[in-house]
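Me: I have a new structure open. Can you walk me through it?
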Amino acid sequence: MALKALIWDVDGTLAETERDGHRVAFNQAFEAMGVSWRWSVERYGQLLEINGGRERLIHDIERQPTAPADAAARERLVRALHEEKNRRYATLAAAGSIALRPGVRRLLDEAEEEGVLLGIATTTSRVNLDALLRASFGGSGAARFAALVCGEDAPVKKPNPMVYEVCLQRLGIDPESAIAIEDSPNGLRSARAAGVPTLITRSAYFGHLDFPGAMATVEHLDDDGDGAPVDMARLRSWHDEVTQGTTVF
Ligand code: XBP
Ligand code: MG
């Protein structure tokens, strides 16, 4: 089965956006809007069990003693906090403070040179994706991807497979013709449920975990485990193993 596309997760995979991006932006939004709580690195790691910043806020606000008691007031506060967070995140990204992870830029270039399609499958909001792509690749960054699927396009979030199913549909390919590149258990579950062989790159929050069902697991894309970069040849060899049935994963 030929490898036709790489489908990229964003947060934790393209860049370490969670600890030093979204979390910092959430705390800036909390301060700007006068709410009393802050999310520590540890607390945010617990909240990452929930995909979706808005969903994370809803979960946490129910446990905040100083949050409004009225449900409608909470909903208004959640919406306002999430919008403010996204503005703050875009500023952080535009300031160049969220760098691409090792090997990401090289592998994107290699895939394009070999005519392999690029997709994105993320639960983050489109505004956040655009901010990161603009900061990383300039104004035309989004145009590199044949399919960009964000939280708005797939409202049922990871680990549900919807985001990958929508991305495959827009790419016009079978799941077995792609490789997903992910960093989290929810992301792996989502890609596997859509039938996509998945490479895990270990990220700050999830790097200590095991990833049963992954096609392969590496520290990052500049080290395939043998100290060599993960390049298109390496991806094709892993892909051949799993799609030609020589490896069960
Ligand atoms: C990670 C997420 C996102 C971000 C925050 O997405 O779960 O919710 O944490 O972004 P992925 P939003 O790893 O799938 O890229 O606030 O826009 O949700
Ligand atoms: Mg991720």
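Predicted model: local features only at pLDDT ≥ 70, side-chain atom pairs only at ≥ 80, totals over all residues.
Me: Where does ligand 1 sit?
Reply: Ligand 1 sits in the largest cavity. A cavity here is a set of points on a 1 Å grid over the protein atoms alone, where a 1.4 Å probe fits but cannot get out. To sit there, more than half of a molecule's atoms must lie within 2 Å of the grid points.
Me: OK, which polar atoms lie by an oxygen atom of ligand 1?
Reply: A polar side-chain atom of Asp9 lies 2.8 Å from an oxygen atom of ligand 1. For Gly53, a polar backbone atom is 2.6 Å from one. Polar contacts are N or O pairs within 3.5 Å.
Me: And what coordinates the magnesium ion (ligand 2)?
Reply: Asp9 (OD), Asp11 (O) and Asp183 (OD), at 2.1 to 2.3 Å. Donors are N, O and S atoms within 2.8 Å of the metal (3.2 Å for Na, K and Ca); water is not among the atoms, so sites may look incomplete.
Me: What spacing do those donors follow?
Reply: Along the chain, the spacing is D-x1-D-x171-D. Asp9 and Asp183 are 174 residues apart and link distant parts of the chain.
Me: New topic. Which residues does a cis peptide bond join?
Reply: Lys158 and Pro159, with omega about 10°.
Me: Where is Pro159 found?
Reply: In the loop between strand E3 (147–149) and helix H7 (162–171). Helices (H or I, at least four residues) and strands (E, at least two) are DSSP runs, numbered from the N terminus.

Terms used: Residues numbered from 1 in each chain as written. Chains lettered and ligands numbered in written order. Heavy atoms only, no water. Polar contact = N/O pair within 3.5 Å; in protein donor to acceptor, adjacent residues only side chain to side chain. 1 Å grid on protein atoms, 1.4 Å probe; cavity = no way out; pocket = protein on both sides within 12 Å on 5 of 7 lines; lining within 4 Å.
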